[in-house]
Amino acid sequence: MQRALYGPEGFFTSANDGPADHFRTSVHASPLFAGALLRLIEAVDAALGRPRVLQVVDVGAGRGELLATLRARSAGTDLAGRLQFTGVEVAPRPPGLPADVGWQRNVPGEVVGVLLATEWLDNVPLDVAEVDPAGRIRRVLVDPADGSETLGGDIDAADRLWLARWWPGAAPGDRAEIGWPRDVAWADAVSSVRRGCALTVDYGHLRDARPPLGTLTGFRGGRQVLPVPDGSCDVTAHVAVDAVAVSVGQPYRMITQREALKALGVDGARPALDLARSDPAGYLRALSMAGAAAELTDPGGLGAHWWLLHEVGIDLRGSI
């Protein structure tokens with residue numbers, strides 16, 4: 001998975017195309033998502049006393065789409081001229097990205113502001129385990145050429161410890177995705193925030209409802225495909241978000257995207273029909289925005305994503 005996603009010819013390291021050509025995220029679905037995040041950034045700015053420089057760091061920045069949209073939407077606001085945008089990504093800097101948007105491979109240290117990670121953790125590589133007929137928990141091995149699978153040896157002690165706490169009770173034939181690499185990755189990223197907040201948004205599950213067959217899958221060209229780790233497709237698995245939350249050692253709040261976006265003013269309500277008579281063009285624009293908001297808050301789709309928020313040295317209660 002590491003080689004397929006981040007190796008020399010990996011899915012995310014290739015400069016030929018971007019993730020948006022293969023799968024649709026909230027960032028790609030509508031600028032309403034960036035607008036909601038901008039309102040969160042404004043709340044963090046106020047809680048920090050409106051510092052001279054407010055950092056906005058996007059981990060797993062893709063081709064910089066979110067940062068470019070945030071930059072454009074913040075123009076003309078009180079934040080203009082004070083926001084410092086940084087994309088963290090293994091792929092080369094995308095062409096056309098505004099010159100004042102930073103681009104680097106590692107999370108910067110000493111962040112004062114907002115650290116974002118939208119659909120990043122699901123692509124942090126992990127191992128998959130399966131319970132064999134004898135009850136042994138064994139590592140799943142995969143042929144990178146065609147995706148065929150076999151069972152390997154027993155998992156190690158660190159894996160067993162994580163499974164015992166976060167993915168217990170597996171029966172023969174069940175699978176588990178060993179999520180401690182995601183816990184480590186998120187805790188490391190959050191540790192860079194000195195004051196402000198860290199937010200990760202991703203699809204995931206909780207301890208009491210782990211999927212017995214796991215969630216490992218692939219995406220290519222907008223379609224779900226077999227997760228063949230040859231670099232040609234995205235290889236992804238849902239996030240054990242409760243394990244990630246606890247790993248940081250900071251207070252946290254965890255709500256669905258539907259709840260979070262509604263709190264930030266995105267509700268998907270249809271415009272009043274009276275507007276169609278008084279301003280037909282305005283009605284059509286409002287209807288389009290309502291459709292985009294409905295997609296972002298759909299409880300059977302993007303609205304079911306989890307928002308995991310850590311506040312560091314500030315209190316955002318009342319903002320989200």
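Q: What makes strand E5 count as largely enclosed by the rest of the structure?
A: In this predicted model, 4 of the 5 residues of E5 are buried. Buried means under 20% relative accessible area, so with 4 of 5 residues passing that test, E5 is largely enclosed by the rest of the structure.

Q: How do you know that E5 and E6 pair, and in which sense?
A: Two strands pair if there are at least two bridges between them. E5 and E6 have 3 bridges, in the antiparallel sense, so they meet the definition. Ala129, for one, stands opposite Arg139 in E6. The two strands form a hairpin with 5 residues between them, and Gly135 in the turn has a positive phi of about 90 degrees.

Q: What makes E8 a partner of strand E5 (residues 127–131)?
A: Again it takes at least two bridges, and E5 and E8 have 4, in the antiparallel sense. If you want a spot to look at, Glu130 has Arg175 as its bridge partner in E8.

Q: Why are E7 and strand E8 (175–178) called edge strands?
A: The sheet is an open one of 4 strands, antiparallel, in the order E7-E6-E5-E8. E7 and E8 each pair on one side only, and that makes them the edges. From one strand to the next, the twist averages 40 degrees.

Q: How do you know that helix H5 (residues 157–166) packs on this sheet?
A: Contact means heavy atoms within 4.5 Å, and H5 touches strand E6 (137–142), E7 and E8. The direction of H5 makes about 110 degrees with that of E8.

Q: Why is Asp154 called partly exposed?
A: Its relative accessibility is 38%. Buried would need under 20% and exposed over 50%, so at 38% Asp154 lands in between and counts as partly exposed. You'll find Asp154 in strand E7 (residues 149–154).

Q: What makes a group of residues count as the largest nonpolar core?
A: A core needs buried nonpolar residues joined through side-chain atoms within 4.5 Å. The largest such set has 42 residues, and Leu70 and Trp307 have the most contacts inside it. Helix H3 (residues 31–47) gives the most to this core, with 10 residues. There's also a second, separate core of 23 residues, including Val124 and Val312.

Q: How many of the chain's residues are buried, as a percentage, and what about the surface?
A: Of the 320 residues, 51% are buried. The chain exposes about 14500 Å², with carbon and sulfur atoms supplying 54% of it.

Q: What share of the contacts is between residues 24 or more positions apart?
A: Counting contacts with a separation of 6 or more, that share is 71%. The chain they run through has 10 helices and 16 strands.

Notes: Residues numbered from 1 in each chain as written. Predicted model: local features only at pLDDT ≥ 70, side-chain atom pairs only at ≥ 80, totals over all residues. Heavy atoms only, no water. Buried < 20%, exposed > 50% of the residue type's maximum accessible area, 1.4 Å probe, protein only. Areas by Shrake-Rupley, 256 points an atom, 1.4 Å probe, with all protein chains shown as cover. Axes fitted to C-alpha atoms, helices over the stretch in contact; angles between N-to-C directions.
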